[in-house]
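Here are my notes on the model, as numbered points. Please read them with the structure open.

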Amino acid sequence: MSKYHFNDIEAKWQKYWAENQTFKAENNSERPKYYVLDMFPYPSGAGLHVGHPLGYIASDIYARYKRHKGFNVLHPQGYDSFGLPAEQYAIQTGQHPKKTTEENIARYREQLDKIGFSFDWSREVRTSDPNYYKWTQWIFIQLFESWYDTIEDKAKPISELKTLFDSEGNTKVNAVCDSDTELFSAKDWNAFSEEEKQQILLKYRLTYLAETEVNWCPQLGTVLANDEIVNGVSERGGYPVVRKKMKQWSMRITAYAQRLLDGLETIDWPQPLKDSQTNWIGRSKGASVTFNVIPNVTSSAVEKSHTIEVFTTRPDTIFGVSFMTLAPEHDLVSKITTPEQKDEIEAYVEASAKRSERERMADVKTISGVFTGAYAEHPFTGKPIPIWIGDYVLAGYGTGAVMAVPCGDQRDYNFAKHFNIPIPNIFEGVDISEEPFEDKENTIIANSDFINGLNYAEATQKVIEALEAKGQGEGKINYRLRDAVFSRQRYWGEPFPVYYKNGMPQMIGLEHLPLTLPEVEKYLPTEEGEPPLGRAEVWAWDTTKKEVVHNDLIDNKTVFPLELNTMPGWAGSSCYMFRYMDPTNEDVFASKEALDYWGNVDLYLGGSEHATGHLLYTRFWTKFMHDRGYFKVDEPVKKLINQGMILGESAFVNRWEYGISDNEGVSKKKAIFISDDIIKRSIKEEIFISEFNNKTKEIYSNLISFHHGLMLGESIPSRNQFTPIPADVSFVNLQNELDIEAFKNRRPEFKDAIFIKEDNGSFIVSREVEKMSKSKYNVVNPDNICEQYGADTLRMYEMFLGPLEQAKPWNTAGITGVHSFLKKLWKLYHSPFEGGQGDVSEFFVSENPASKDSLKTLHKTIKKVQEDIENFSFNTSVSTFMIAVNELTAQKCNSREVLEPLAVLISPYAPHIAEELWEKLGNEGSISTVPFPAFDAKHLVESSKEYPVSFNGKMRFKLELPLDLTPDQIEEAVMAYDKTQEQLQGRTPKKVIVVPGKIINIVG
RNA sequence: GCAGAAGUGGUGGAAUUGGUAGACACGCUGGACUUAAAAUCCAGUGGGCAGUAAUGCUCGUGCGGGUUCAAGUCCCGCCUUCUGUACCA
C-alpha cells in the first residue's frame, strides 16, 4: 500500500474539512482580514463544466495562500438563485421553480465539494431564500425613502426633503429629479392633496414608479434592462425586443453617474472593464439650448407657445444650425405638426414605433424623416428653422431632440443632403462640399456673428454665456446612462414590498418583511396580460392585520392589492457580498461590527461579461448604502480580476454534400460521413472522387448504382462540399476518433448513415474551438476528471493551461503531465519497500539534514511560488513545482527539512495531497493554517556564474567564472580564453561589454 | 467606425528591470521492462546546411523600418485574430 490513491485521499480530507469547519471565518480576530470573493453562481440545470471552476480555483489558491500568510480569510459562496431559466423550465414542465432550483443547487454543491474549495459554507446565502430577500426588499424600501442632494452629493432620507418642501417649496432645492418636475412654493406644497404630494415625491425618490419607455420582449413576456439586450435581441434566448410604454419601477442610477465615474479612479480593476463602464456611463460636456417654436397662426394645432430643449456638445456651431430633428416619439411632435403635414408625420411615427430596435440598428444607412411643417426661432439670429422628425434621433438620449448642424456632423450632413436642406458653412478655410468638418480641435469659427475667428473652446464659452444671459440655455453635462428599469413581469423573483392605495404605491412596514412569494397555479401571464403574480389568489395586503390575505377581501379601505411585478435578477446580487459578512443576522442587514471589520472585498474574480450590468449596479447600491450610513466603504470591490473563458473544442463529423437531389427531394438523401483525415489528404493530394468511390463501394455498393453518375465527377475537393455536424465531445477520444455507435444512439436520424473510415478502421472528427456550451455538444464535466485523475490534478491542470486572464481552449490531452507530476511528488515521500516488488513502497522521510542542492531547490521554489501567487501567475508556479520535484527526485532528496516545507508550498494548489502528506509527516490537524515557508536568500548564493559569452550579440559559448571578479578581471579572463581567440581569428575587439553576473558581449 | 487585448516550435505556453529565445508540459521518435498491452523509466525533439561523430555554421518570436554592444521585450508604420461597443447629438 502506498500508491497515490487520490480518490480515497480527497474524499477523506473533504470530509475532514466539512466536519471540522476548517475554513470558517471569524468576525472577531486579531489577525488581519482578507476577503476573497468569487462570481456569484446561477445554479443552472446543466451543472458546472470545466470552465466554471477556473476562477474559483484561482481564488481558492489565493485564499489558501493568505491563510498560510496569517490572514483571517473570508471566502464565502452562495447562489444567485432567482432567474429566468428556472422559470422557463417551470412554464414548460409545471414544476415549481423552487424545486428545480433546489435540485440544481444540490448538484452544484456536490460538484463544488469535489474540487476541494476552501469555502466557508456556514455563510452560504441564496437570493431566493425569504430570509435573504427580506433584505433585498429592505434595501428597496431604503431607496424609496431616499432622494439625492446634488449640493452635498449624497442620498438623504425623503423626510428631509418633505421638510424642505414644507418651508420653501422646491424652487431652491438642489436634487436629482424627473425632468418634467414643475416648480412650486411652500404655499403650493401645503395646499396639495396627500396624493399630489406623493406624486411629486415619486419624482425625487431613488426608486420610483413611472410610465417609461421600456424594452419589451414579447417571447419572454417581460421588460429588459439595457444591459440585458445584446445586438437588439434579448441576452437570454435571443428574442426580439420592441419599445413600449409601461408603468414600471425604476432606479435613479443616473443620480450616481458622476460618482460611478470618479470611483473608477480609486479601484484596482482591469482597464478594459473600467473603459466599458466609462463608455456605458457616457459622459459628455456641452450645453442645453432652448429653442422657441414659432406659433403658426394659420394652424389651429399650434396655439400655445412651445419650446424645444436640445443638448449639444458643440455650442460653438450654433450659427450653423439649418434645421432641427426630433425623435419620432418626442412629446411635441403631435403638438406642433401642421395640419398639412399631419398624415405624413403620423404614418412615419407609426412605422418607426413598429420597427424593432434591431431593425433600426441593422439599417443605419437608410436616411428617413418627415418635415413637421413647424419652425423654431434661432436664439441669436431669430431666423426660422424647420423642424423635422427622424429616427436617427433617439428618444432615450439627451432630450430626444437635436439642433442639426450639417456642416459639422456626419448624420446631420447626410440628412440635409438627402432632403436638400441648406448646409451653411461656419468654418474658416474648410471645404464642406463633400463631407462635414467634425474636427473640433482645429476649428476656427466663421459666419457666426459674435464668435467669428474664435476656436472651439473660446466660442463654446462665449455662446454659453450669451445663452445664459438670454435665459435660453446653460452649460451642461449629459450622460448616456439611463435610469434602470427595475420591474419584471415574471414569477421567479423578489416580490416588491408594495401595495397600492388609490393607485399610489405604499411600502409595507419593515417589521413585516419578508413579503414572501405567493403560490400560483401557472407561471404564465394572465389572460388580461398581467404578470404571473396576477394569478395568485392570496395576494392582498391587510393594513389592519398587517398580513397577506385573499384577494376577495380587497376593499381599498383597509385591504389593498399588492404589486404584481417582481424584481430583476440583479436585485439580489447587488449587495450579497456585504450580507456574507453577517449572513444569519435577523435584526439588521449586517451588524455594524461585521461591516466595519470586513470593509469591502479585497479580491474578486469574475468574468468580464458583467461589466455594464451587475458590476455597475453593485457599485451604485454600495454607494447608496454608504450615503445612508450603512456601509463604511463606497466601493464593493477593491481589486478585481477577470478570468479568461475556457473554450471548448467542438467535434464535428463531416457530411459529404454530394449534390444528390432526386425527384423525391433531399430527404431521401443518404448521409455519408467522411473521416476527416481522408478529407484532408484528399484535398492535399487532389484524389477526391476516386478515393470516396472506392471506399463507398466497399462498404455499400448499392449506393454507387443508386447515385450513379454523381460519384464520377473529377471536381477538385474543397471544404465547402462538407457540412460539419456537431458530435458530442464525450464520444471522441484523444486521437479524435469517434465512437460511431454512441453517436448514432444520440442522433437517431443518422442511424443509417454511412461512415467512410480510415484504413485502420477509425473515424476521425474535425475540431474547432468555440465557447463551451451545452448547445455546442462540447461540454467537459469536471466530475469525470475528478474521478479519473483527482481534484488536485484538475486544480493544477486548470492553472497550468495558461495565464488566468487569457481565454484558452480546454484540451484534456495535457492532463496526464500534471497527473504524473503529482505521482512523482507522492513518490518523493516514499521509498521502495524493503523486500517488496515493483513500485510497492512505504512512506519515508529522513531526519538527516538536506543537501545544499536540495535546499537551493526548495528556496528558489519558495521565492518563485510566492511571487507568482502575488502576481496571479498561477500557471508558472505549476511549472516551478514540476521543476522542483524533478530536481529533488534527481537529488534523491528524502529529508524532512525540505519535504515538509514543500508540502506547505504546494497545499494551496493541491490541498488534498498536501494534507495527506502533512499527516504522514506526523503533524496534527490541517495544513491549511501552517505558516508559509520563509524564503532564505542564503541558500541561493552562488560563488561562480556560467557566463554566456556573445560575439556581436550572438551567444557562442559559456565560460564559468567566479562571481567576485571585477569587470576588468572578467574581461581579462575572457580574452585569455582559447575559444575567444578562436572566435576572433586574430581580430582585436572594438569593445567588450561586461555585465557582472549576467553576460559578456564582445564587439568587433 | 471607435475602444481594448493578443500574435513565439506540431500543441498549451515560459522568458520579472532590454542580457543564453523556446523553461515546464503535451504530442511525436527511438529504447528498456512485458508473451502482449497499459503503466513506468531512459534518451532525442524549432527549421535549414555541413560532418561518421562530437560539433560547427545559419535562419528564426505576425510583416516592414528604427534605436542599442545587445530587441520576443523599447520606438515608428502596417497586417491578422479575438473581445467589448456602436446613429450618443
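1. Aromatic pairs. The model is predicted. A search of the whole structure turns up 67 aromatic pairs. In one of them, the ring centres of Trp135 and Phe589 are 6.5 Å apart and the planes meet at 75 degrees, so this pair is edge-to-face. Trp135 sits in helix H5 (residues 130-144), while Phe589 is in the loop between helix H17 (576-579) and helix H18 (592-598), so the pair ties together parts 454 residues apart in sequence. Trp135 and Phe589 are both buried.

2. A tilted pair. Phe486 and Trp621 also form an aromatic pair, at 6.1 Å centre to centre and 45 degrees between the planes, and it is tilted. Phe486 belongs to the loop between strand E17 (484-485) and strand E18 (498-501), and Trp621 to helix H19 (residues 614-627), so parts 135 residues apart in sequence are tied together by this pair. Phe486 is buried, with a relative accessible area of 0%. Trp621 counts as buried at 1% relative accessibility.

3. An aromatic cluster. Which residues form one aromatic cluster? They are Tyr34, Tyr62, Tyr65, Phe71, Phe872, Phe874, Phe881, Tyr909 and Phe932.

4. Charges over rings. Two arginines deserve a look. Arg252 lies over the face of Tyr208, 4.0 Å from the ring centre. Arg619 places its charged end over the ring of Trp269, at 5.9 Å from the centre.

5. The RNA surface. There are 47 residues around RNA strand B, and those that come nearest are Thr313, Tyr397, Arg480, Leu801 and Lys958. By class, the residues of this surface divide into 19 nonpolar, 15 polar and 13 charged.

6. Individual RNA contacts. A polar side-chain atom of Asn875 is 2.9 Å from a phosphate oxygen of RNA strand B. Several elements give two or more residues to the surface near the strand, among them helix H10 (271-281), helix H26 (815-828), helix H27 (852-870), helix H28 (874-890) and strand E34 (954-962). Which element gives the most to this surface? H28 does, with six residues.

7. Asn894. This residue lies in the loop between H28 and helix H29 (896-906). Asn894 is partly exposed, with a relative accessible area of 28%. Leaving aside neighbours within four places in sequence, Asn894 is in contact with Phe844, Val845, Ser846 and Leu899. Asn894 and Val994 are 100 residues apart in sequence, and their C-alpha atoms are 40 Å apart in space.

8. The chain as a whole. Chain A has 32 helices and 36 strands. The C-alpha trace of chain A spans about 110 × 80 × 80 Å along its principal axes. Of the 1004 residues of the chain, 53% count as buried. Among contacts in chain A with a separation of 6 or more, 71% join residues 24 or more positions apart.

9. Helix H30. Is this helix (residues 911-920) mostly covered or mostly open? It is mostly covered, with eight of its ten residues buried. The buried residues of H30 include charged side chains by name: Glu915 and Glu916 are on the list, as are His912, Leu917 and Trp918. Gly922 follows H30 and has a positive phi, near 95 degrees.

10. Backbone points to check. The peptide bond from Leu513 to Pro514 is cis, with omega near 0 degrees. Pro514 is in the loop between strand E19 (504-507) and strand E20 (540-542). Asp449 is not a glycine, yet its phi is positive, about 55 degrees. Asp449 lies in the loop between helix H14 (410-419) and helix H15 (456-470), and it is exposed, with a relative accessible area of 53%. Asn952 is not a glycine either, and has a positive phi of about 50 degrees. The place of Asn952 is the loop between strand E33 (944-951) and E34.

Key. Residues numbered from 1 in each chain as written. Chains lettered and ligands numbered in written order. Predicted model: local features only at pLDDT ≥ 70, side-chain atom pairs only at ≥ 80, totals over all residues. Heavy atoms only, no water. Phe/Tyr/Trp six-rings, centres within 6.5 Å; stacked < 30°, edge-to-face > 60°. Helix = DSSP H or I, 4+ residues; strand = E, 2+ residues; numbered from the N terminus. Buried < 20%, exposed > 50% of the residue type's maximum accessible area, 1.4 Å probe, protein only. Lys NZ or Arg CZ within 6 Å of the ring centre and 35° of its normal. Near = heavy atom within 4 Å. Polar contact = N/O pair within 3.5 Å; in protein donor to acceptor, adjacent residues only side chain to side chain. Contact = heavy atoms within 4.5 Å.
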